[in-house]
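Student: I would like a close look at one part of this model. Please take the sheet and then what surrounds it.

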Amino acid sequence: MTGDTLFGKIIRREIPADIVYEDDDVLAFRDIAPQAPVHVLFIPKNVHIPTLDDLRPNDAGLVGKLVLAAAEYARREGFAQDGYRVVMNCRDDAGQTVFHIHLHLLAGAQLGHFGTPR
Ligand code: AMP
């Protein structure tokens with residue numbers, strides 16, 4: 001149910017992660033290669049959905065929970081007013097490397113432009 005990816009292993013506590021948030025549906029942990037002073041990944045913890053392209057209409061609530069968990073974390077950690085960015089990458093052209101959907105939360109600095117070709 002949690003899938004055979006790196007993030008499935010983190011959900012099952014088979015490999016360590018710096019977990020910063022957890023509720024019934026969502027797990028969040030610090031990215032191992034941070035791209036900003038705050039870089040946290042929010043993932044569904046009970047289902048394995050490889051990419052955004054695999055989402056179906058009845059997953060809408062789950063995606064909303066990822067976004068709301070990130071917003072709640074930003075408020076709790078005190079940087080919501082300064083601002084932040086959330087990003088979800090889908091497949092190769094976006095640079096997706098872990099095939100368990102995840103929402104990146106980036107904050108803690110003025111963030112540069114994004115979306116430029118690699
Ligand atoms: P993406 O490129 O959108 O698939 O994002 C995957 C992210 O997972 C990257 O930002 C990686 O740095 C991050 N990552 C890879 N392995 C780990 C790990 N063991 N713990 C935390 N983050 C990781």
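Student: Which residue in strand 2 does Glu22 stand opposite?

Tutor: The model is predicted. In it, Glu22 stands opposite Leu27 of strand 2. Strand 1 and strand 2 are paired in the antiparallel sense, over three bridges. They belong to an open sheet of five strands with the order 1-2-3-5-4, in which the pairing is antiparallel. Strand 1 (19–22) is an edge strand, as is strand 4, and each of these pairs on one side only. From one strand to the next, the twist averages 20°.

A helix is placed against this sheet. Helix 2, residues 60–77, lies across strand 1, strand 2, strand 3, strand 4 and strand 5. Relative to strand 3, helix 2 runs at about 150°.

The largest pocket has a volume of about 770 Å³. It is lined by 31 residues, and the closest to its centre are Asp31, Ala33, Gln35, His39 and His104. By residue class, the lining of the largest pocket divides into 16 nonpolar, eleven polar and four charged residues.

How values were computed: Residues numbered from 1 in each chain as written. Predicted model: local features only at pLDDT ≥ 70, side-chain atom pairs only at ≥ 80, totals over all residues. Heavy atoms only, no water. 1 Å grid on protein atoms, 1.4 Å probe; cavity = no way out; pocket = protein on both sides within 12 Å on 5 of 7 lines; lining within 4 Å. Points joined across faces, edges and corners; volume = space filled by probe spheres on them. Nonpolar A, V, L, I, M, F, W, Y, C, P; charged D, E, K, R; others polar. Pairing = 2+ DSSP bridges. Helix = DSSP H or I, 4+ residues; strand = E, 2+ residues; numbered from the N terminus. Axes fitted to C-alpha atoms, helices over the stretch in contact; angles between N-to-C directions. Contact = heavy atoms within 4.5 Å.
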